[in-house]
Number of protein chains: 2
Amino acid sequence: MNDETTYHMTPDQFRRHGRAVVDWIARYMQQIEQYPVLSQVKPGEIRRRLPASPPVKGEPFEAMMRDLDEIILPGITHWQSPSFFGFFPANASGPSILGELLSAGLGIQGMLWATSPACTELETHVLDWLVDMLELPQHFKSTTAGGGVIQDTASSATLCALLTARERATDFTSNQRGVDRPLIAYASNQAHSSVEKSVKIAGLGRENLRLIEVDEQYAMRPDALEAAIKEDKAAGRIPCFVCATVGTTSSNAIDPLRRIGEICQRHGVWLHVDAAMSGTAALCPEFRFIHDGLQLADSYCFNPHKWMFTNFDCDCFWVADRAALINTLSVQPEYLKNPAGGSGGGEVFDYRDWHIPLGRRFRALKLWFVIRHYGIVGLQHHIREHVKLAQEFASWVQADERFELAVKPPLNLVCFRHRGGDEINQKIMDRVNRSGKLFLTHTRLDDMLTLRFCVGQTHTQRRHVEQAWACIQATL
Amino acid sequence: MNDETTYHMTPDQFRRHGRAVVDWIARYMQQIEQYPVLSQVKPGEIRRRLPASPPVKGEPFEAMMRDLDEIILPGITHWQSPSFFGFFPANASGPSILGELLSAGLGIQGMLWATSPACTELETHVLDWLVDMLELPQHFKSTTAGGGVIQDTASSATLCALLTARERATDFTSNQRGVDRPLIAYASNQAHSSVEKSVKIAGLGRENLRLIEVDEQYAMRPDALEAAIKEDKAAGRIPCFVCATVGTTSSNAIDPLRRIGEICQRHGVWLHVDAAMSGTAALCPEFRFIHDGLQLADSYCFNPHKWMFTNFDCDCFWVADRAALINTLSVQPEYLKNPAGGSGGGEVFDYRDWHIPLGRRFRALKLWFVIRHYGIVGLQHHIREHVKLAQEFASWVQADERFELAVKPPLNLVCFRHRGGDEINQKIMDRVNRSGKLFLTHTRLDDMLTLRFCVGQTHTQRRHVEQAWACIQATL
């Protein structure tokens with residue numbers, strides 16, 4: 001290919017090494033149950049095995065693959081293990097991984113429509129598909145005044161929603177003059193930490209975030225929200241943003257969107273809905289109750305990179321009024337001006353105005369591959385399976401009088417604890433995680449250490465859930 | 001593998017489809033010069049070829065690959081073409097693509113040390129390597145009070161630097177109380193649009209960003225900077241942040257870091273240095289003049305995903321005082337508490353506190369692969385080649401009396417124009433881009449339309465630069 005000295009990998013070498021990597025991943029998929037789920041290394045152990053200085057001369061590809069096995073793999077916590085029940089899942093799948101590979105191979109930038117029209121148009125299209133697949137409000141579609149975009153994470157989506165809310169509440173003057181009045185944001189005291197992070201980043205200040213009380217299901221109390229909004233208004237402060245959660249991280253609580261939405265409309269406050277993990281459940285009609293009232297929301301996000309078999313990162317974010325979002329985030333330097341692009345007015349979008357970063361890779365490809373590979377029925381099948389397995393696990397917990405459910409699990413996350421108090425629950429968690437047979441994490445509910453068991457990894461089957469329960473019982 | 005109904009891709013299917021994708025990318029690399037560099041489609045053309053509804057049943061993988069060729073490829077602007085000279089490069093390479101593939105296959109989350117120790121430790125280690133490779137100040141190393149982290153883009157790095165500067169200037173009270181006083185940021189009037197975007201996001205307001213005049217090389221004038229800082233101070237405003245640029249997007253101007261740094265020290269202002277593309281040049285000792293004075297900076301970033309053969313996204317960001325960054329961005333909910341993690345105090349880091357998103361993928365893998373595949377000498381070789389080719393191109397421009405250089409090119413970006421004015425330059429650009437033979441973009445310098453010719457794509461050789469110049473001349 002090359003008539004000059006080159007250090008590049010040739011296409012033929014890429015073919016050879018690429019096959020080796022594909023085979024490595026296939027083997028990893030097959031052998032993953034042999035590894036301890038939680039990495040067993042000590043802090044600093046990986047670094048100490050790496051050379052202090054970078055290589056002066058290039059190394060053969062085989063050396064990297066050897067070190068991957070010998071140095072890196074022991075330091076991996078296996079999120080793709082079917083016995084991973086910690087945090088939220090970050091499940092992946094074959095079609096998604098191969099979509100990501102193609103995106104890396106094409107290596108294009110999607111910041112403007114013109115910098116690769118297919119990147120923008122496929123993204124707009126697939127996000128319109130998802131509106132129908134999840135039965136989201138039609139006004140989130142690009143064919144209306146709304147539209148969807150892929151963000152890296154729900155944290156970034158929350159920040160973009162908050163910024164737009166901030167601008168709308170100040171007639172787009174905060175962007176110009178800075179935050180010059182007390183703007184108030186609201187979320188339940190169970191909402192994700194990214195709400196607090198966003199409020200700090202956007203210059204509102206932590207003191208202007210109200211963490212609203214929850215009911216016995218850990219869902220936001222609408223009456224408490226409205227009382228707080230009224231109190232702030234009476235004091236001359238400006239309520240601008242409510243973040244409701246569909247499936248809190250702690251306990252999967254579903255905030256009552258309809259009542260919250262009515263309050264937001266009454267008081268002219270932006271409603272953002274964060275359904276990071278649980279939104280995926282709406283693929284199945286029987287779980288769509290979680291979105292009741294969503295038509296009252298100004299923005300919404302969920303993460304296919306959590307529970308929809310799409311490897312990280314892929315958060316889908318919709319707004320009802322894209323012009324407000326674009327007006328908030330658009331900056332137009334000369335070197336980015338282009339005739340074909342549309343900043344909201346035209347037939348196509350320039351997505352750099354829809355999020356924080358300028359550059360963006362072709363993430364719609366993997367999402368398109370996942371949807372086409374599984375089809376709606378395939379996705380529904382596996383989501384139903386996960387919910388069923390979690391509900392079964394919950395029934396076993398209930399049948400064992402030593403344990404209790406902290407809350408009735410609405411979907412695929414079971415929060416439970418031994419009745420013996422924090423110490424024994426800590427011991428159970430430490431022991432099962434140290435065993436390497438499964439991985440689960442904790443939260444605190446009503447100030448009690450509570451174990452979280454989240455079913456959502458791609459290949460989790462009944463036997464993994466059974467093993468997990470047996471392993472938990474064996475610690476006692 | 002599976003004894004239940006499943007819609008998943010099996011490991012054997014993954015092997016087969018994976019090989020097909022690897023072969024597709026190898027073929028794409030070999031055939032890329034056959035495609036028009038700039039996509040020739042019209043707005044909406046791609047979408048109109050996609051089905052209105054998502055598939056109910058799953059489709060064979062071959063159907064996706066067929067549509068990739070028939071629907072997606074015509075909508076691609078080929079950033080990996082050796083005749084891509086637009087914007088800044090986003091160059092990729094075999095080892096990087098395969099590192100990304102492995103990262104997708106492992107599918108881990110690196111938000112906490114414990115969620116995959118190898119992800120955090122390899123990242124810390126490779127960013128320490130890069131401090132030596134680029135001869136950056138030693139106080140950016142993790143073994144001091146500083147440290148490095150991979151961000152998605154330089155836009156996000158700038159935002160994180162600005163937020164930390166905002167907090168330092170207000171004794172970390174802005175995070176709590178909101179932005180309650182006029183905090184002022186400074187950058188040259190040639191700085192990247194992300195500075196303005198960050199100032200808006202962080203709640204400072206566009207009116208509190210001073211765009212400082214530049215000299216005849218389009219570099220920031222330190223005297224003008226200091227005058228602006230003094231004026232703001234005298235008026236009771238608080239200067240908090242200066243962004244200096246090493247290689248502006250418009251014309252690759254290098255701001256004088258030493259003099260700017262001295263001013264920042266004198267006035268207690270955070271200095272962030274954005275070397276998004278040009279930082280890579282410092283791999284070669286003869287180009288390290290661009291970083292003269294960098295030891296006075298509080299933070300620094302450059303993007304291996306631009307010019308260092310590492311596919312997007314991969315921005316490397318260092319701070320001298322990591323505690324300030326972590327204090328700015330850390331939020332500690334119960335469900336993320338973990339014994340092994342270190343929020344700056346311990347031997348290891350929890351990188352979620354170093355950037356906006358919570359989740360993060362294993363991006364250090366591809367960077368590690370690139371450095372090991374090329375070695376320092378291989379990277380230096382190709383960077384030198386790119387600079388040499390750009391300088392040759394500039395000499396041809398100079399030798400043609402119809403053209404002029406807008407500025408003497410310091411590295412790999414040539415800004416030039418036909419002496420006949422905006423109209424003819426616009427015509428040249430439109431014609432060459434429409435020809436599909438190469439792609440270049442424009443800027444405005446001294447209010448004159450100026451063509452930008454940036455050499456940095458992985459496989460660009462002398463013949464591509466020669467062809468480009470011939471094609472430009474042929475438009476006249």
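User: Domain bounds come from an automatic or database domain assignment. What domains does the assignment give for chain A?

Analyst: This is a predicted model, where local features need pLDDT of at least 70, side-chain atom pairs count only at pLDDT 80 or more, and totals for chains, interfaces and linings use all residues. Residues are numbered from 1 along each chain as its sequence is written, while chains are lettered from A and ligands numbered from 1 in the order written. Chain A is assigned domain 1 (1-32), domain 2 (108-360) and domain 3 (370-474).

User: What distance separates the centres of domain 1 and domain 3 of chain A?

Analyst: Take the centres over C-alpha atoms. For domain 1 and domain 3 of chain A, the separation is 38 Å.

User: Which helix gives the most to the side of chain B that touches chain A?

Analyst: Contact here means C-beta atoms, placed from the backbone, within 7 Å. Chain A and chain B put in 134 residues each, and 100% of the contact residues of chain B recur in chain A. Helices are DSSP runs (H or I, at least four residues; strands are E, at least two), numbered from the N terminus. With 15 residues, the top contributor in chain B is helix H1 (residues 11-31).

User: How many charged residues does that side of chain B have?

Analyst: Ala, Val, Leu, Ile, Met, Phe, Trp, Tyr, Cys and Pro count as nonpolar, Asp, Glu, Lys and Arg as charged, the others, Gly among them, as polar. The side of chain B touching chain A has 63 nonpolar and 48 polar residues. Its charged residues number 23.

User: What is the bridge partner of A:Cys301 in E7(A)?

Analyst: Strand E6 (residues 299-302) and strand E7 (residues 315-319) of chain A run antiparallel, joined by 4 bridges. A:Cys301 has as its bridge partner A:Phe317.

Notes:
Two residues are in contact if their C-beta atoms, placed from the backbone, lie within 7 Å. Two strands pair if DSSP finds at least two bridges between them.
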